[in-house]
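Here's a quick briefing to read with the structure open beside you. Let's start with a pocket and then move on to a sheet.

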Amino acid sequence: MDKKEGFSSTTPSSRCLSEEPLIKTTQRHIVSKLGCDIHPPRKFQYFQGLAYSVRDRLINLWLQTQRAYYDTNAKRVYYLSLEFLPGRFLMNYITNIGIEDECHETVNSIGLSLEELEEEEWDAGLGNGGLGRLASCFMDSMATLKIPGYGYGIRYDFGIFFQTIVNGYQKEQSDNWLRRGDPWGIIRRQNLYEIKFYGRSVPYTDVTGSVRYKWVDSDSIMAMACDILVPGYNNDHVTNMRLWSAQSSREFNLEEFNVGDYIGAVEYKIFSENLSKVLYPSDEAEQGKELRLKQQYFFVAATFQDILRRHKKHHKKFDTLSDMVAIQLNDTHPAIAIPELMRILLDEEALPWEKAWHICNKTFAYTNHTVMPEALETWPVSLMKKVLPRHLEIIYEINHRFLKAVGKKFPGDMDLIERMSIFREGDEQYVRMANLAIVGSHTVNGVAALHTQILKNSLFRDFDRFFPGKIRNVTNGITPRRWLLQVNPWLSELITNTIGEGWVDHLEKLSELIPYAEDQDFRALWFKAKRKSKKRLAKYVLRKLSMGINPDTLFDIHVKRMHEYKRQLLNVLHVITLYNRIKENSESVQVPRTIMFAGKAAPGYFQAKLIIKLINSVADTVNNDPDTQDMLKVLFLPNYCISQAEKVIPAADLSEQISTAGMEASGTGNMKFALNGALTIGTLDGANVEIREEVGEENIFIFGLTADEVVNMRTGGYNPKDYYHNDLELKQAIDMIAENYFIPSEPDLFGPIIKSLLRQGDYYMVLADYRSYIESQEKVSSLYLNREEWTRKSILNTANMGYFSSDRAIMEYAENIWNVKPLGA
């Protein structure tokens, strides 16, 4: 990312690169890079050739962008995230640099379609869920707004896992997303950094008489950079994610090979390179925990060597580091960056502690993504001492100085000291990474108004008292380029034809659609555009599941990570209730529904995987019952990913956002669905609260307990059996699950689910919210019978989603946290 990386003042402009016809460059890459004949035209070869041609254009724009950063001495943002979830790249690149028509023409000229080539690309296995997708939306917005900056993470060889459904059960397979190569990644072999682990910390006295420390007797591996480009929308600004791959520092032991130890000769190389093999390795065993900690330090240490290399080129001292560098920690995974920067400043640059801490504290900001205390990351001190001995010493010193300040401000409050300490005491001592991130950062932010309120009033209440004003809110957002313009061509074309194309990078302009909601002709066009998305999804379902679904039914969609707090189980109880009503009186249910689930459960999360099995068992019963054929279909789409979401979200009529109130930090799926005209059924949780404020409470279906009511019920002695006994439909649904109605061949299979609901306190308030949810679903059905009114509300949902652009979120970070201006501003 500097002149050593290929900058030249004579680099040709993008116009020069684009003068050569795309068909020529595509076919040249097929021959020269792939070694293949251009005839007959094969889809995968032409995808690869087109990808390399598009990358050529991006590289030139990237060089221009990096040169501009240096010419303007711009402060840069470094967004550290253990995961990104970019999805497929081809259509995103083509859309953002404005060559869609040229690509269609090129591909059509050889008898293929751009849609066919798009399906040849595998989703990049660099992330898991909302955390990674948010990071990718933010990268798109940083590029579109010309905010100087980069994303940093790990280039995993394998993604989280590839999900298949076998006999209703989730099965995990390796997600080998790189098996057919990666035309987008640019390997930077010159950017190779040594990363240390293990060893010990040794004190010594330097020439000034100060005590310093050396990290000795360590093992090391190498981190190699791979850049993936990120273009802004229609602005010739291209930045990048820099992702690290682990490389062995010792390739091959010839001595061991020559004496016949062939495995030993390469053992160290294989062991070292495990670091970047898999996203989120299981941490149930000690080896897994160690690997996770090493992954986090690996990418942080490589990133800091890269940042400081760049900084030192033009700045000899570190006094100005925070004036030139803003580092955003995306959750606690990169929090080890705080002691790493301190180690560098203290041990390598010989700065005094006070000065090093001042620089460090002004450089970091931390985004929290959870409201659940048990989800806050901790590491055993014994493991930290083994893997990162010097960092543990630094964390102890940070904690000592911090608790001294706490004691001075709140003398005698030992309980407060214990709660705020970076270390959790007990039989085994743990490092609380969230506490470290708060203490070491100048700003901490939540990701939705309710989430931030919970952080201030509950989870981090003590820190809010000690650091008034440090915790603030930046509500999440999504990029409209991918999540409307690209994924929903029919709706985005209608919007552009009606109000112009300014909405694509100024999403607030969607409000100009509000008057059109009252126009019957426009409503008809909107309904037609939505139906095209539903037909596309129906074709996809037929291809994936060999199941036909009717696009004229209400598409009721619940797609997200499988977790008990997201309450897919509550939705299943609604499905069973609908099924029972149809069986008892076919005329009692007037709106035919297709209910779709999708989402992955963590491999070790038994209960979530059992809920997947329950969904599929209920679906088998419902779909094979002739009484329900025309009125109810249930399906589970395997291997939910970005490319699947791009087909599912535009087709949704109803968006299920039904998490237990107070447990979802924000959510961004709720925003994507509403942006595409789906109506939301949900609790007052996460960003649902702000969506209701924006779209109007009459245009959203809110039900259930509030976050405060959930807390009060838990502390006040909530008894789920009372709800079970007093609601006949609820009791019937639960009894059918308990009595193996949906899977007679496996008695008591779903016993753990029944136990969690009736005998273990129903922690996620499924039974408490059941009746309110059913009543809200009845309102959904009543409204759907009125096509004109449903379509009007659909338009108003889209029209009022301007606030939820990631462009708005990034500008809030830039102005209020990073103190960074757009390039050229």
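**A pocket to start with**

The second largest pocket has a volume of about 1100 Å³. Keep in mind that you're looking at a predicted model. Its average pLDDT is 94, and 95% of the residues score at least 70.

**Around the pocket**

- The second largest pocket is lined by 40 residues, and Met91, Glu100, Leu485, Gln486 and Pro489 are the ones nearest its centre.
- Several helices give two or more residues to this lining, among them H4 (90-96), H5 (100-108), H20 (480-486) and H21 (489-499).
- Sorted by class, the lining has 17 charged, twelve nonpolar and eleven polar residues.

**The sheet**

- Nine strands make an open, mixed sheet, in the order S5-S8-S9-S2-S1-S10-S11-S15-S16.
- Strands S5 (186-197) and S16 (471-473) sit at the edges with a single partner strand each, so one side of each has no neighbour in the sheet.
- On average, neighbouring strands here are turned by 25° against each other, direction ignored.
- S10 (residues 325-330) and S11 (residues 364-367) run parallel and are joined by four bridges; Gln328 stands opposite Ala365 in S11.

**Helices on the sheet**

- Helix H7 (residues 130-144) packs on the sheet and touches S1, S2, S8, S9 and S10, with its direction at about 55° to that of S8.
- Helix H34 (residues 806-818) also packs on the sheet, touching S1, S10, S11, S15 and S16, and its direction makes about 120° with that of S10.

**Where to be careful**

- Over residues 1-18, pLDDT stays under 50, and the model has 45 contacts beyond four places in sequence for them.

Technical notes: Residues numbered from 1 in each chain as written. Predicted model: local features only at pLDDT ≥ 70, side-chain atom pairs only at ≥ 80, totals over all residues. Heavy atoms only, no water. pLDDT = per-residue confidence, 0-100. Contact = heavy atoms within 4.5 Å. Pairing = 2+ DSSP bridges. Axes fitted to C-alpha atoms, helices over the stretch in contact; angles between N-to-C directions. 1 Å grid on protein atoms, 1.4 Å probe; cavity = no way out; pocket = protein on both sides within 12 Å on 5 of 7 lines; lining within 4 Å. Points joined across faces, edges and corners; volume = space filled by probe spheres on them. Nonpolar A, V, L, I, M, F, W, Y, C, P; charged D, E, K, R; others polar.
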